[in-house]
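Okay, thanks for coming, everyone.

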Amino acid sequence: MAKSMGRHFLYCSTALALGCAAAPAFAAEADATASAPATTPEIVVTAQFRAQKLQDTPLAITAVNAAILEARGQTDIAQIANQAPNVTLKPMGQTGGVGLIAFIRGIGQTDFNYALEPGVGIYVDDVYIPTLSSSLLDLMDLDRVEVLRGPQGTLAGKNSIGGAIKLFSKKPDGNGGGSLQATYGSYNRLDVRGVADFKITDNFFARLSGATKNQDGYVKLLDYALTHPGSNVPANGSIGNGVERGTLGGRSFSAGKLALRWLATPDIEVNLSGDYTRERNDAGAQVLLYANNAATTPEGIPWLAGKNGAAVPYNCAFVPNTTAFSTSCDTPPAGYDRRFINYATFTDARTPTSQAPFKPYSATNHQTFDGWGLMGNITASLADNLKLVSITSYRKYKMQFGYDQDGSPIPVSQLDNVLRHHAWSQELRLNGNFMDKRFEYTLGGFYFDQNGTYNARVDLNYAGIDFVHGPDTTPSTSKALFFNGTFHVTDAWGITGGIRESWDKKVYTYFRSNPDGTVPGPLPCEFFLGKPTAGPTGIGNSPNCLLIGLYNIQGTFEGKRTDWRIETDYRFSPELFVYASAATGYKGGGVNPRPFFGPSSGECSALPPGVAAPCNQVKAFKPESLTTYEAGFKADLFDRRLRLNGSLFVNKYNDIILTLTRCPGSPCLMPANVGKANVWGLEFETTLRPVEGLTLDGSLSYLHFKYKDTGASGVPLANVTPYTPKWNYSFGVQYDWTIKPGTIGVRFDGSYQSTIYTDAFNDRSNQIDGRFLGNARLSYTTNDKDWQVALEVQNVFNKYYYVTVEDTKAAFGTITGSPGLPRTWAVTIKRTF
């Protein structure tokens, strides 16, 4: 491992010497064409709620404009992480539906449930997106993306403890322009994007944009009974084309947006927008990596009775491909890539019993999402040095998704989920300055009100429960007042201070019932009454007796928090800017939304030593908090041909919230405060334009995570938080060659991520090995820029890797992975008018 890291460090050091060792920072005015001068562009960001040049902003920021997103072929937010240091963005696996896993500097969240808060704030036009389930955003008609690393607790507020990702749309300007583009590629990929900007009156403009993305699934869902006719697996009434039951990972996405801009007076600007998103996808791409050979429930009941009546073991026969997790003993049918096969049936065909009478049951192979939102931004200049900004939004969505967690015909775990959510927010900001701009400030207030319901059919044979979850409700409010001010002591020296006071409240209400609508109870089940049954989930008990007491009960969290930031910066010359800061942030607390066992199970602390039994899992957890100390520099060298930015940070991370999958004596999926850690890291960013037409960019980051204490959580001190790589680097090379009729552009992007773990308990069963990925793009643009044709190849080296891995080995003997797409190609034609 050390030798491998040394080799990668050598590669990165060499790249840095060549100017390729940091993340690209192109934004509002950048345009990577051969006609651009061989200098780095001026970049304008609004991270501190006022327009500033990137090189004058004392924050670690990666900013990317629409032209660079197009040059890289990037169309969704998760792809941005490839070029941003210490940033990990992943689409959720099959068990998370349509959503985003986001981590910055080792801080984030993996669970979509509303009871938990994100660790990275996602914003669209300064509107906060509060849940992971609506954060996998398409990069449609954007002006720029700003990735802010480090706690943004004073301006962005709670849940931006790790950082913030801000997307800014293009505003209507009435120029009458627009574009239309179509893409066709591997797996019948067909994308269409269009935008039109038009004038309604001399001071009222509109912009209409839309996008569709469609692609077939790349994991084949095969019928094991038909592909292995000599096995003991019974027929399951499969549908589809022969042995194929369908696919996993297919996507059908469409979205539209209407933006209106009214210049009411020279001092008042009103921006309104409405958007709608619709998805009709397969269940997420998934393959089985390990199965533990079990054949029956703990009570000896077959999970699946075979054709001869004997229990079918859940073993390597259903693991199509040998991996580091398991040796396969399967012989897949000819003509299929065994790396992209899944034998799941989404069906529980167990014989009903008195303890588990609600069979058979089938989950659905789909992910659907319908969401819309309205936003209003009013900016009024009250005086030459005073501006008022009001941002109002309302957003709503419904998401449904099913999954077969065991990836086989054996019905170990399958679920259907329905999430409904709405949120309203209002933010007011007063931006001003005095003393001839010697002091600049922002004073503001924020109010946020959200509510969501979560329903699910939860069929967990391994835990002996099969029930209806919900509708669990999670109403919550957040209020805040904040102030941020910068005093320019001299033209070169500035001091910034900020403070934010926040008030949070969340109420979680549990509803657990039987699939027939009855409520477990009212008395404790037979096992807890002393009857001689085979454990609390054995025959002789009432259904779902462990869930007694989990109907219409509430858990409440309330908190108050003060965050602060202090910073000083100095510009030594037009070429060099340095800064140092200390800042805090926090992520909200809550209560465990998924207790496997209710209050009737009793408290573990009351059990005699060494006695294993179900324990009450209705538990609260505290907010987590962070204090960060950071120093950085920003340099434009050699007549602005080379831009090099860097930062060093130290984090004091307390009351870390992670989801525990291992609890003493019983299964669990329970968020808890696992302790505290010291974290430090390095980040570098650069852009190099050595000659006209050639642009080099890249990124390099290192992160060292060390737990100081993990309390009673059982998490080893040597572990790290999920999705926290030690090393990241990327580089991009683009050359634009001007010929008589137009410009030929050639680009290659490469990115490396070292080993990560996907669980609080790091071990081989949830380890994703380090990988290097490369993408290439060739384009031709006419001189008038009216037409462009591009050919792109993603995953050029056809690397087989996992985007996520789900480790449920301790709970029910399963490891599944979400494989990334193999090498794919696409051709795009774009017409600009």
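So, Cys 329: at 43% relative accessibility it counts as partly exposed, because that label covers everything between buried, under 20% relative accessible area, and exposed, over 50%, with a 1.4 Å probe and protein chains only. Quick caveat before I go on: this is a predicted model, where local features need pLDDT of at least 70, side-chain atom pairs count only at pLDDT 80 or more, and totals for chains, interfaces and linings use all residues. Residues are numbered from 1 along each chain as its sequence is written, and side-chain values use heavy atoms, with hydrogens and water left out.

Which cysteine does Cys 329 bond to? Cys 316, with the two sulfur atoms 2.0 Å apart; the cut-off for a disulfide is within 2.5 Å. The link of Cys 316 and Cys 329 is right-handed, with 100° about the S-S bond. Both cysteines sit in the loop between strand S18 (287–291) and strand S19 (341–342), 13 residues apart. Strands here are DSSP runs of E, at least two residues, numbered from the N terminus. The structure holds one disulfide.

Next, Gln 94. Buried or exposed? Buried, at 2% relative accessibility. Gln 94 lies in the loop between strand S4 (87–91) and strand S5 (100–104). Its side chain reaches the backbone oxygen of Gly 284 at 2.9 Å, and a polar atom of that side chain lies 3.1 Å from the backbone nitrogen of Asp 404. Not counting residues up to four places away in sequence, Gln 94 touches a list of residues including Leu 248, Phe 346, Tyr 403 and Ser 818, where contact means heavy atoms within 4.5 Å.

Ser 818 is also among the residues that Tyr 802 touches, along with Phe 325 and Pro 819. Tyr 802 is in strand S45 (residues 802–808) and counts as buried, at 11% relative accessibility.

Last stop, a sheet. Five strands make an open one, in the order S3-S9-S10-S7-S8, with mixed pairing; two strands pair if DSSP finds at least two bridges between them. Strand S3 (60–65) and strand S8 (127–129) are at the edges with a single partner strand each, so one side of each has no neighbour in the sheet. From one strand to the next, the twist averages 20°. Strand S7 (residues 120–124) pairs with S8 in the antiparallel sense over three bridges, and Ile 122 stands opposite Ile 129 in S8.

Okay, over to you.

Conventions
Helices (H or I, at least four residues) and strands (E, at least two) are DSSP runs, numbered from the N terminus. Axes are lines fitted to C-alpha atoms, for helices over the stretch in contact, and angles run from 0 to 180 degrees between N-to-C directions. A polar contact is a pair of N or O atoms within 3.5 Å; within protein, one must be able to donate a hydrogen and the other to accept it, and residues adjacent in sequence count only if both atoms are side-chain atoms.
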